[in-house]
Amino acid sequence: MTATGVVLDVSALIIYARNDLQALPVDELLRVLREDTGGTVVIPSLSHADALLVLDGDKEATDRLWSLSDAFGVVPPSPDVQVVVDLIVSESEVSAGMAHAMVLAAQRDWHLATYAAGTLERVGFDPRLVLDLNQIFHD
Amino acid sequence: MRRPDIELTDEAAAFVEQHPDVIARLAEQVPETQAAESRRQRIRGVLRERFSAARSGELQGAGQAFLARYAGQ
């Protein structure tokens with residue numbers, strides 16, 4: 001058996017923080033990890049920072065995001081990871097937050113929970129690692 | 001209004017008698033709640049399936065090809 005974990009990307013953090021109906025898959029994801037699998041929840045610090053920028057001015061959403069990160073912590077990029085993040089950003093034109101989430105998920109072969117699966121597909125991220133919350137919500 | 005199929009305390013029965021509008025509103029919400037719960041269960045099923053695959057090692061090495069593109073640059 002392999003240990004499992006899930007990395008939350010910028011889109012997942014934003015939708016979770018806004019707490020509307022679309023956040024249902026993130027709520028359930030956290031619940032399944034807590035109750036069933038005991039898997040790790042990873043919040044990349046660059047994704048967290050990007051999400052806070054997008055949520056700027058929305059106090060309720062920002063508070064909810066901080067509660068989440070207080071519960072699970074945030075993972076800062078190591079110098080090596082930062083180098084790869086910078087390369088991905090320059091070559092693929094994705095945000096640093098998205099690149100950080102991709103690197104952390106790829107390093108451990110963990111799922112990357114996202115509402116932006118199209119972006120991951122465009123940059124060649126292995127679809128087996130993508131947990132497409134948008135698709136899960138609409139199916 | 002149909003009587004509830006449960007035995008109510010005198011206090012609860014009196015509330016039902018006095019507030020049929022509240023009871024009707026609650027009854028209207030039942031299908032909505034059931035639909036949301038059903039959706040939650042379906043989502044949990046999908047997630048459990050994906051995690052089961054991950055635990056069995058099916059994802060092993062999946063991230064390496066992506067990282068290799070940026071290694072040594």
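Reader: Start with aromatics. How many aromatic pairs are there over all chains?
Author: Two, from a search of the whole structure of this predicted model.

Reader: What is the geometry between A:Phe125 and B:Phe66?
Author: The ring centres of A:Phe125 and B:Phe66 are 5.1 Å apart. Their planes meet at 75°, so the pair is edge-to-face.

Reader: Is A:Phe125 buried or exposed? And B:Phe66, buried or exposed?
Author: A:Phe125 is buried, at 3% relative accessibility. B:Phe66 is buried too, at 2%.

Reader: Why is the pair of B:Phe66 and B:Tyr70 classed as it is?
Author: The planes of B:Phe66 and B:Tyr70 are at 65°, so this pair is edge-to-face, with centres 5.5 Å apart. The cut-off for that class is over 60 degrees. B:Tyr70 is buried, with a relative accessible area of 3%. Ring pairs link A:Phe125, B:Phe66 and B:Tyr70 into a cluster.

Reader: Switching to charges over rings. What lies over the face of A:Tyr16?
Author: A:Arg64 does, at 3.9 Å from the ring centre.

Reader: Which salt bridge does A:Arg64 form with A:Asp27, and how far apart are the closest N and O atoms?
Author: A:Arg64 bridges to A:Asp27 with the closest N and O atoms 3.3 Å apart. The two are 37 residues apart and link distant parts of the chain. A:Asp27 is in helix 2 (residues 24-37) of chain A, and A:Arg64 is in helix 4 (residues 59-72) of chain A. A:Asp27 is partly exposed, at 21%.

Reader: How many salt bridges over all chains?
Author: Eight. One of them joins A:Lys59 and A:Asp63, with N and O 2.6 Å apart. Both lie in helix 4 of chain A, four residues apart, about one turn of the helix.

Reader: Is A:Lys59 buried or exposed?
Author: Exposed, at 60% relative accessibility. A:Asp63 is partly exposed, at 37%.

Reader: What do A:Asp126 and A:Arg128 do?
Author: Their side chains meet in a salt bridge, 2.8 Å from N to O. A:Asp126 is buried at 16%, whereas A:Arg128 is partly exposed at 43%. Elsewhere, salt bridges with shared partners join A:Glu28, B:Glu37, B:Arg40 and B:Arg44 into one network.

Reader: Now the core. Which residues touch the most other members of the largest nonpolar core?
Author: A:Leu8, A:Leu29, A:Leu131, A:Leu133, B:Leu47 and B:Phe51, out of 32 residues. Elements giving two or more residues to this core include strand 1 (5-8) and helix 8 (133-138) of chain A, and helix 2 (20-55) of chain B. Helix 1 of chain A has the largest share, seven residues.

Reader: What is A:Leu29 in contact with, leaving aside neighbours within four places in sequence?
Author: In chain A, A:Val6, A:Leu8, A:Ala113 and A:Leu131. In chain B, B:Leu47 and B:Phe51.

Reader: What about a second core?
Author: There is a separate core of 31 residues. Among them are A:Val94, A:Met98, A:Met102 and A:Trp110.

Technical notes:
Residues are numbered from 1 along each chain as its sequence is written. Chains are lettered from A and ligands numbered from 1 in the order in which they are written. This is a predicted model: local features need pLDDT of at least 70, side-chain atom pairs count only at pLDDT 80 or more; totals for chains, interfaces and linings use all residues. Side-chain values use heavy atoms; hydrogens and water are left out. Rings of Phe, Tyr and Trp (its six-membered ring) pair if their centres lie within 6.5 Å; planes under 30 degrees apart count as stacked, over 60 as edge-to-face and the rest as tilted. Buried means under 20% relative accessible area, exposed over 50%, partly exposed in between (1.4 Å probe, protein chains only). A charge sits over a ring if NZ of Lys or CZ of Arg is within 6 Å of the ring centre and within 35 degrees of the ring normal. A salt bridge is a side-chain nitrogen of Lys or Arg within 4 Å of a carboxyl oxygen of Asp or Glu. A nonpolar core is a set of buried Ala, Val, Leu, Ile, Met, Phe, Trp, Tyr and Cys residues joined through side-chain atoms within 4.5 Å. Contact means heavy atoms within 4.5 Å.
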